[in-house]
Amino acid sequence: MQNPKKSLSAFFAEEEPISPPSPPRLNVKSFSPTYDHYQDNLLFSSPGSSAANLYSRDPPESPWTLSPHTTPSPSLLYHCISALYRQEGTIFSVAAAKGLVFTGSESSRIRAWRQPDCTERGYFQSNYGDVRAIVAHGNTIFSSHKDYKVRMWKITSGPENFQAKKVAVFPKPQQIFGIFPTSSGFKHKDSISCMAYNHSEGLLYTGSWDRTVRVWRVSDNACVDFFTAHEDQVNAIVVNRNDGSVFTCSSDGTVKIWRRVYGQSSHTLTITLKFQYSPVNALALSCSSNACFLYSGCSDGIINFWEKEKISGRFNHGGFLQGHRFSVLCLVAVDKLVFSGSEDTTIRVWRREDGSCFHECLAVIEAHRGPVKSLAVALEIEKVVFVGFLVYSSGLDQAFKAWRIKVLSEDKSHHRVETECVEVTTKSAAAEYEMSPVLSPSWVEKKRQSNGSHFF
């Protein structure tokens, strides 16, 4: 563990205050029990903090920015509270837990920042290059590195001190005659692009560009299962904590659902979802006692979603969200809200209507000057009352930003705008794809190289 130096190649970019009409006040409601499984991402504000002052009065020059998205009335207010820049290197991953935000980049260091103002608390490193993915749960951090291994860290953070201790490596070194072998049969053969942690089962899932998924038992660092998941690189993986099902997506254009064999550690494929016609880059799962929705972000800018039937448990395609002009690179779902980051440099915030699959776009945030690579979302709580969201984004413009977002209460009398959930057939979806006016340059190039012989 090393102490951070003051001469960091990063600085806060001050946002000039914008003076829109005074926003309507938010009717603050008590924190809902539906957020229980997000306890690790709660942030509590002190009574005297600037966050509390923002919600207690409307200043003469409000820092809040009204959503530029055209709606009958403002539904969302946002404000950039911090912006940091790296002079070199890309920030690949962002994760939030226990009042801290962690960023992984092309350097071997993982930096920790205090929520919400992103004051640096310290850093830790493994000396094995790029940190492609980070998963945070409580005081436990998992990070993937350039040597195709995963490291587990325990974080100790107090008002005056910050410490990180490496407690495990996946796969664990195997000692033979006093010599540690340089490779393991259980190690991935290419970069680990994504991870998901099932805390209740003590299982860590890793997806890789080598097209495989590996399952690790955290208690003893053992690889308990591995399988070839896709025909192309695995881009994202999520776990349903309610039933243990695993969702993976790939550049081969498919989303797959896996289940553990009862009483065993092995997994079996239950269904392949292939409604989209382009590589799938991101996944997000929104599950509650009333509904369960799966979202997938694609290279054509479309976000497809599926709704789970309560009786059969089958996922039926419900429609798509259209608005991004380039590839959707990251997704986060929190209750009825979906946050999407895109190659078109924007972050969009979507809201699903209660009791239906209708969605509306609440905001289009011009977030970065390059593709938005990663997102993390935390809930901000003041005196056991939910007051808003904290969104952390990293872009390929080498910037890391923090946003405070306040969603206004739904007004069911307003008309649904721009984006609706529509039931479509395969033919109409294909027609919509062909009519798309702008596609990601990287996707267009890849399609050209394939000579138009097939869609992903």
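**Close-up views of a predicted model**

By the ring-pair rule, the predicted model holds 16 aromatic pairs. Rings of Phe, Tyr and Trp (its six-membered ring) pair if their centres lie within 6.5 Å; planes under 30 degrees apart count as stacked, over 60 as edge-to-face and the rest as tilted. This is a predicted model, in which local features need pLDDT of at least 70, side-chain atom pairs count only at pLDDT 80 or more, and totals for chains, interfaces and linings use all residues. Residues are numbered from 1 along each chain as its sequence is written, and side-chain values use heavy atoms, with hydrogens and water left out.

**View 1. Phenylalanine 142 pairs with phenylalanine 170.** The pair is tilted, with 6.3 Å centre to centre and 50° between the planes. Phenylalanine 142 belongs to strand S9 (residues 140-144) and phenylalanine 170 to strand S11 (residues 162-170). The two are 28 residues apart, so the pair links distant parts of the chain. Helices (H or I, at least four residues) and strands (E, at least two) are DSSP runs, numbered from the N terminus. Both phenylalanine 142 and phenylalanine 170 are buried. Buried means under 20% relative accessible area, exposed over 50%, partly exposed in between (1.4 Å probe, protein chains only).

**View 2. Phenylalanine 227 meets tryptophan 258.** Their ring centres are 4.5 Å apart and their planes stand at 40°, so this pair is tilted. Phenylalanine 227 sits in strand S15 (residues 222-228), tryptophan 258 in strand S18 (residues 255-260). The pair therefore ties together parts 31 residues apart in sequence. Phenylalanine 227 is buried at 11% relative accessible area. Tryptophan 258 is buried at 6%.

**View 3. Two arginines lie over aromatic rings.** Arginine 109 lies over the face of tyrosine 123, at 4.2 Å from the ring centre. Arginine 214 places its charged end over the ring of phenylalanine 226, 4.8 Å from the centre. A charge sits over a ring if NZ of Lys or CZ of Arg is within 6 Å of the ring centre and within 35 degrees of the ring normal.

**View 4. Aspartate 147 forms a salt bridge with arginine 151.** The N to O distance is 2.7 Å. A salt bridge is a side-chain nitrogen of Lys or Arg within 4 Å of a carboxyl oxygen of Asp or Glu. By this rule the count is 11. Aspartate 147 is buried, at 16% relative accessible area. Arginine 151 is buried too, at 3%.

**View 5. Asp243, Arg259 and Lys308 are joined in one salt-bridge network.** Aspartate 243 and arginine 259 meet at 3.6 Å, N to O. Aspartate 243 lies in the loop between strand S16 (234-239) and strand S17 (246-250), and arginine 259 in strand S18, so the pair ties together parts 16 residues apart in sequence. Aspartate 243 is partly exposed at 33% relative accessibility. Arginine 259 is partly exposed at 29%.

**View 6. The largest nonpolar core has 26 residues.** Those with the most contacts inside the core are Leu76, Phe339, Ile365, Leu375, Phe389, Trp403 and Ile405. A nonpolar core is a set of buried Ala, Val, Leu, Ile, Met, Phe, Trp, Tyr and Cys residues joined through side-chain atoms within 4.5 Å. Strands that each supply at least two core residues include S3 (76-85) and S30 (399-407). S28 gives the largest share, 5 residues. Apart from this core lies another, of 17 residues, among them Ala236, Val255, Leu273 and Cys287.
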